[in-house]
Amino acid sequence: MTDTTLSQTSLPLFPIDPLGTDRHGEAALMRDLGPVVRAVLPGGVRMWVVTDYALLAELTADPRVGRDWRNWEALRRGEIPEDWPLLGMIRLNNLMARDGAEHRRLRRPLTRSFTRARVERMGPRIDEIVATMLDDLPHQAAPDGTVDLRRHYAYPFPMQVICELIGVPEAWWSRFRALIDTVIRADTTAEQFLAAQQERHELFQRLFAMRRAEPADDLTSALIAAGNDEADDAFTDEELEDTLWTLIGAGHETSISLIVNATRALLTHPDQLAMVRGGDTAVWSEVIEETLRWDSPVGNFPARFPTEDITVAGVTIPKGDAILAPWSGVNRDPRQYGETADQFDITRPVKRHMAFGSGPHVCIGPALARFEGMAALPPLFARYPELRLAVDPAELSAVPSIFSNSVTGLPVHLGPEKR
């Protein structure tokens, strides 16, 4: 960060594509404009974008830049409509939208309850879920013999896992899937957004009543109990609702995209797939890390807010302006990864990335995403060794979302099974 500043009005406005049609092309165009870009989102909402990997990492660690939406001046001035669909990802009452001591208060019970050990205890159950879904795949074939791996495998698998972890009744899983889709998609109407917010509130209130009456071995019960045992760690119902809502959304959507993007990457890079088939189990961790870097599950994530004027790469970002984090974009920054930044290469020596964010608000669930990737991908390719795409990769369409970075479907030919 420097002291030589540029006027924000001298920078052009870059229109963010709400449909994510060509996310990596869009990120490259913004990098060409400079390390700091002014962008406009649907509804005319303006945000800053830091396109440089190192600068974004520095920014997210800066104590002058937080996640509390109460510091967003445009929202305080009434310039952001109440029914703006992306507002549901920003105006939360949980650790994602708090800073300092309040952030630590809300994060502490989660770090004690949502542990790697809890996830690993589910290992046998996760393996069982995977095996059942793989058994069912041939029965999901369309008349032309193709199977949509996203719809029938990558999509239901992580939702079932996160719902079982949290304690959501099975009868509600499909509703939560639909509600998450409504919130992340750019083509959601204002009426659909408001209805989804109301429905998820009603479902969570029912869940809390159930778990207070009959606690179980799940996260909801654990977080309620944490508040009962330690008054300082008690969540309000609103905080608990927004916390679990975020866990379901992030735990579901991130893992879907990881599984889909890794499968698509391998099927379109036969040289890399050959190394996987000829390697041991450990090579799958390389696949997962390179996928998280090369095609990060999260495209753009709103938002952070400076609590004072800050200068980034010679550009002053005023206090209270919103900053969008382009996670998938910076993870292909040539300044960080060199001339091969756009290449999928599981032998890449440096795979460090920010797929799960950075700084104090780094995602709390990367262990679950990696665990699910390791549970889902090796058995898929082992069971169906002749797995191949059923369409030209150019025909795959992006999920219409600013947030989610994946494709709406992944039609494949399974080929004969190998048991």
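C163 counts as buried, because its relative accessibility is 0%; buried here means under 20% relative accessible area, exposed means over 50%, and partly exposed is in between (1.4 Å probe, protein chains only). By its relative accessible area of 26%, C363 is partly exposed. A disulfide is a covalent bond between the sulfur atoms of two cysteines, and the cut-off used here is a pair of cysteine sulfur atoms within 2.5 Å. The structure holds 0 of them.

A word on where these values come from. This is a predicted model, in which local features need pLDDT of at least 70 and side-chain atom pairs count only at pLDDT 80 or more, while totals for chains, interfaces and linings use all residues. Residues are numbered from 1 along each chain as its sequence is written, and side-chain values use heavy atoms, with hydrogens and water left out.

Now have a look at helix α9, residues 173-184. Helices (H or I, at least four residues) and strands (E, at least two) are DSSP runs, numbered from the N terminus.

With a relative accessible area of 16%, T246 is buried. Leaving aside residues up to four places away in sequence, T246 touches L92, N94, M96 and G251.

Next, the inside. In soluble globular proteins, nonpolar side chains tend to be buried together. A nonpolar core is a set of buried Ala, Val, Leu, Ile, Met, Phe, Trp, Tyr and Cys residues joined through side-chain atoms within 4.5 Å. The largest one in this model has 131 residues, and M47, W72, W84 and F157 have the most contacts inside it. The largest share of this core, 13 residues, comes from α12. Take W72: not counting residues up to four places away in sequence, its contacts include M47, W84 and F305.

Finally, the strands. Two strands pair if DSSP finds at least two bridges between them. An open sheet of 6 strands runs in the order β1-β2-β3-β9-β6-β4, with mixed pairing. Its edge strands, β1 (13-15) and β4 (65-66), each pair on one side only. Between β1 and β2 (residues 36-41) the pairing is parallel, over 3 bridges. L13 has R38 as its bridge partner in β2, and P15 stands opposite V40. In β2, 5 of the 6 residues are buried.

Another open sheet has 3 strands, in the order β5-β11-β10, with antiparallel pairing. Here the edge strands are β5 (147-148) and β10 (388-389). V147 stands opposite V412 in β11.

How values were computed. The expected span of a helix is 1.5 Å times one less than its number of residues. Contact means heavy atoms within 4.5 Å.
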